[in-house]
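Biologist: I would like to go through a few features of this structure one at a time. Please show me the model before we start.

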Amino acid sequence: FLTKLRDLSLEPLAVRAVRLGSAGVHAPKLDPLKQGRNSARAVNKYRTLRDHGDGESWLDDDAAEQLPGFQNLETVDVTSGTVSSEGLRHFGRCQELKYLRLESGRHYSSVDREISAEQAELLCEAPKLQHLHLATYNCTDAACEALAKVGRLQSLTIGAGQLSNDGVSALAGIAALSELTFHIVNERPEEQLSRDDGVERLTTLDLEDATQLQYLEIRGGALRGPCFAPLRANARLSEIVLDGVGLDLEACRSLITLSQLRRLTLYRWRDDEISVDDVADFFAGIAAMPNLEELTLPRASLDVQLSEILAASRSLEVVYVRKTGRRGSGREGGGEIFVEMQY
């Protein structure tokens, strides 16, 4: 389809964006073309390619091979593709590509999604790439070392199922990096992640050299020990999001030492190995964080006692309390409410 689209004569139209879904092409932006422009010049108007995220699998390795033919393509945002890690090299030939978000759809179990160092290097040959989001692709430590050579990356999302401390330390070498997300790829999306899935090999988040880092997100897995302690050196770090991450007591204690944080999300965090008294102490530590302005929690985590503890904070301005749906459903189970703290 993309081959035909590239070669199609589009003299009457300048199509700047293509949106693909189960029914084909949707809602392109159309502008009149001056008479006499040929199809090649028309094709060069394509700047954005995205899907509806409806689970239909249409972008595979063969389709990805056609994308470098769209010479002005700047954004690819696809959440239902089946591009393998080997197929990622085709995006490295897109000369104008700045933003790439690529996630495997419901057929991803049959796709090779472990990124090697060589594959990461070929992908990063795209000379203008600044935002790379590959949540359902696992990066090896060697791949992280290859990504670290691309100093222009500003935001990065990777699957962290194969990541160790060495891989994290390598990513800290990306000079422009301001947003970093680790995503634990779940091979069984219909099930809850167990504590043993994912980042068990991560014992520290050594990102001290990432001097521009402002946002850190971790989805899934478990963190143990004083893993957050090295982040005290990241003066610009203002927000941490932990979604479905199992934390032990030492991890909780190291988290509340990050005095520079302004926003903290503990979303679907699991504290089943921590006593009730330890949870109360943890929330007291959160309330004592001197610069924390916003806190997001699942509704089940906040009872009357913990609310009173948080109300003692001198810095908290708002606490968001969310009612969540089943993990992996892609939907909130009833929206959210928020409670403004009164002093």
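Biologist: Is Cys227 buried or exposed?

Modeller: This is a predicted model, so the values are computed from predicted coordinates. Cys227 counts as buried because its relative accessibility is 0%, under the 20% cut-off.

Biologist: How many disulfides does a search of the whole structure find?

Modeller: A disulfide is a covalent bond between the sulfur atoms of two cysteines. Here the search of the whole structure finds 0. Cys227 is in no disulfide, and the nearest cysteine sulfur, in Cys252, lies 9.0 Å away.

Biologist: Where is His133 found, and what does its side chain contact?

Modeller: His133 is part of strand 9, which covers residues 131-139. Its relative accessible area is 13%, so His133 is buried. The side chain of His133 makes a polar contact of 2.8 Å with the side chain of Thr157. Beyond four places in sequence, the residues in contact with His133 include Tyr99, Arg101, Leu102 and Ser155.

Biologist: Which residues touch the most other members of the largest nonpolar core?

Modeller: That core has 88 residues, and among those touching the most other members are Phe91, Leu102, Phe182 and Phe228. Helix 8 (residues 276-287) supplies the largest share of this core, 6 residues.

Note on methods
Residues are numbered from 1 along each chain as its sequence is written. This is a predicted model: local features need pLDDT of at least 70, side-chain atom pairs count only at pLDDT 80 or more; totals for chains, interfaces and linings use all residues. Side-chain values use heavy atoms; hydrogens and water are left out. Helices (H or I, at least four residues) and strands (E, at least two) are DSSP runs, numbered from the N terminus. Buried means under 20% relative accessible area, exposed over 50%, partly exposed in between (1.4 Å probe, protein chains only). A polar contact is a pair of N or O atoms within 3.5 Å; within protein, one must be able to donate a hydrogen and the other to accept it, and residues adjacent in sequence count only if both atoms are side-chain atoms. Contact means heavy atoms within 4.5 Å. A nonpolar core is a set of buried Ala, Val, Leu, Ile, Met, Phe, Trp, Tyr and Cys residues joined through side-chain atoms within 4.5 Å. A disulfide is a pair of cysteine sulfur atoms within 2.5 Å.
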